[in-house]
Amino acid sequence: MCGIVGYIGSEKAAPKLIDGLKKLEYRGYDSAGIAVLDGGVLRLEKRCGMVSELEYAACLSGNAGIGHTRWATHGVPSQANAHPHACGKFALVHNGIIENYGDLREELESEGRVFLSDTDSEAVVQLIDKYYEGDFLRAVKRAVERLSGSFAIVVLCADFPHEIVCARRRSPLVVGRGKKGAYIASDIPAAAESAEEIYVLSDGEFAVVSDREVAFYDGDLRRKTKKKAEYDRQKDIVALNGYRHFMRKEIDEIPLSVRNSLLKIAENNEYRNIYEVLCLTEQIQIVACGTAYHSGLAAKYAIEALARVPVEVCVASEYRYRNPVVKRGTLVIAVSQSGETADTIAAAELAKKLGAALLAVTNVPYSSLTTVADYVLFTVAGREIAVAATKSYNAQLASLYSIALALAKIRRQRAGKKTLFALPNLCKKVLPSVEAVRGWTPHFVGAESVYFIGRGVDYAAALEGSLKLKEISYIPSEGYPAGELKHGTLALVRENTPVVAIVTQRRLVEKTMNAVNEVYSRGAKVFLITCFPEICGRKEVFSSVLIPKCREAFSPVLSVVPLQALSYYTALARGNDPDKPRNLAKSVTVE
Ligand code: F6R
């Protein structure tokens, strides 16, 4: 989703901005642009397409500048709609959505102002220009007071060549200071390379960034001090290290992500407060989106099986607009790799307002979700660059299973600690399945549609397998409960339709194999992922991949691995870039 960078200092801004935009490419975007201030003159360059298209602009001179990668929300991807947007002496980049932009635009147009784009963001720079009476910061503040919705904005003003003004409400923004100037970015790693100190802007704050200092202000423009963020640059270095794509590398990082994310919550004092809230927990609601929602679904089976605590799993964008019932003893767990997903944060805020205890499970320290939550558990997957989530899903499962284990202990249920802590090793053992499914891709590459079926935990894994396939291979696919097929979806199965069946629960083997027989009888080609070797050779199975056995409640952490790999290799075979699927963004900071 939109990425913001800024630089002011002793060096030329343009090359730094373009470099910064490249670091944000992983977020997903459709156009890019920069603005630099050169001797009191604003110069803008923007392009549809990749940041590389903008490299020519690196020659612009000027020591202050802002840059942006845009993921279209209001207005098609086009040069006119790309950021920065300019008005009078101002240039602005924006991440977020201005909900009242229609009204603002009407008002501004009725005053004779002319808009050059279809974006909501342009209304903000027009407002700043309208309110400007010589005080840059005050003009930004007055404009911001008129906005509803979410924003991180960074503004240049031709009258203030030594300052950049930033403001934030519900969209991420960080400021870094280094020897050669100050750096602004949407996430810490993009600002951190040359910065020695990093500050994370909080909601409602302003920052005035100059080459010599960074000053922070509250909503009433009272100066405030801010603590530096703790950040280990070394830990965050990401490189392909010989891999062709981050997605493939991140699949190989699953065993380590799982190992690092498993916790002994009940036995470690560091998690005392979480343990205490688990002691008071009567029911759980998990709110999340996409893959994180699927990890919640898979974890529901484990929490209910191990601890007998009822779990409801809710798509965050639905939860936030319904009237959820939050009773005494409700723990809401908001799961988000990025910690910046707008819907998940809104759902979490609502849950908190309704009186729930709120636990965030996220991979990103200092993310917005961590500031909303009462308690935070970090998954330790390391940075995930590929848009399609892989290792973060497995890490989320490890964290959620750790919660299940603690709850089981509290409720004196048989916990299964040994089986849980065996998972990292089993994750290593499942990695050969990544190459094993490669041979399946010729049967998927031209498919009109693909179905993933399973029961219970295998259904949860099927949903994730299907999401992965559609998002990077662009093949329509559906994850379905095996027993539901005959109630409708079976009508779509034809000669050679690929159907992936996941079978990891002993007592459900024959039940799922009934569904396999049903699709086989209608001409489907059945691909099996199972831990039971004895069913691999059945005539209805076209090809199979054997995965290690583990406690059934935990099996999605293993069965998902060949599914992730299948989507990767199918995307490759179709000529797609698996790391950067069309239309999608890594960090969905708008609703
Ligand atoms: C799919 C994928 C998305 C994210 C979803 C939530 O591969 O990555 O579905 O899982 O956008 O993102 P987070 O976990 O950052 O809240």
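How many cavities of 30 Å³ or more does the structure hold? The structure holds one. A cavity here is a set of points on a 1 Å grid over the protein atoms alone where a 1.4 Å probe fits but cannot get out, while a pocket is an open set with protein on both sides within 12 Å along at least five of seven lines; lining residues have an atom within 4 Å of a point. Rolling a probe the size of a water molecule over the atoms shows where empty space is left.

This is a predicted model, in which local features need pLDDT of at least 70 and side-chain atom pairs count only at pLDDT 80 or more, while totals for chains, interfaces and linings use all residues. Residues are numbered from 1 along each chain as its sequence is written, and side-chain values use heavy atoms, with hydrogens and water left out.

**Stop 1: the cavity**

Select Cys-2, Arg-70, Trp-71, Thr-73, His-74, His-83, His-94, Gly-96, Thr-119, Asp-120 and Ser-121, which line the largest cavity. Its volume is about 60 Å³, where grid points are joined across faces, edges and corners and a volume is the space filled by probe spheres set on the points. The lining has two nonpolar, seven polar and two charged residues. In this count Ala, Val, Leu, Ile, Met, Phe, Trp, Tyr, Cys and Pro are nonpolar, Asp, Glu, Lys and Arg are charged, and the others, Gly among them, are polar.

Stay at His-83, and step to Pro-84: the peptide bond from His-83 to Pro-84 is cis, with omega near 0°. Pro-84 lies in the loop between β4 (64-70) and β5 (85-87). Strands (E, at least two residues) and helices (H or I, at least four) are DSSP runs, numbered from the N terminus.

**Stop 2: a loop**

Select Leu-221, in the loop between β13 (214-217) and β14 (223-224). Leu-221 is not a glycine, yet has a positive phi of about 65°.

**Stop 3: the largest pocket**

Select Asp-236, Asn-363, Pro-365, Gly-382 and Arg-383, which lie nearest the centre of the largest pocket among its 43 lining residues. This pocket has a volume of about 1100 Å³. Elements giving two or more residues to its lining are α5 (188-192), α6 (246-252) and α7 (254-261). By class, the lining holds 18 nonpolar, ten polar and 15 charged residues.

**Stop 4: the second largest pocket**

The second largest pocket has a volume of about 640 Å³. Of its 29 lining residues, select Cys-289, Gly-290, Thr-291, Ala-585 and Val-588, the closest to its centre. At least two lining residues come from each of α9, β17 (330-336), α11 (342-353), α13 (391-410) and α18, and α9 gives the most, with five residues. The lining divides into 14 nonpolar, ten polar and five charged residues.

**Stop 5: the ligand**

The largest share, three residues, comes from α9.

Select Ser-336, Gln-337, Ser-338, Thr-341 and Glu-471, which come nearest of the 14 residues around the ligand; a residue counts as near if one of its heavy atoms lies within 4 Å. The shell has six nonpolar, six polar and two charged residues.

Now show distances from oxygen atoms of the ligand. One is 2.5 Å from an N or O atom in the side chain of Glu-471. For Lys-468, an N or O atom in the side chain is 2.9 Å from a ligand oxygen. At Val-387, a polar backbone atom is 3.2 Å from an oxygen atom of the ligand.

Key:
A polar contact is a pair of N or O atoms within 3.5 Å; within protein, one must be able to donate a hydrogen and the other to accept it, and residues adjacent in sequence count only if both atoms are side-chain atoms.
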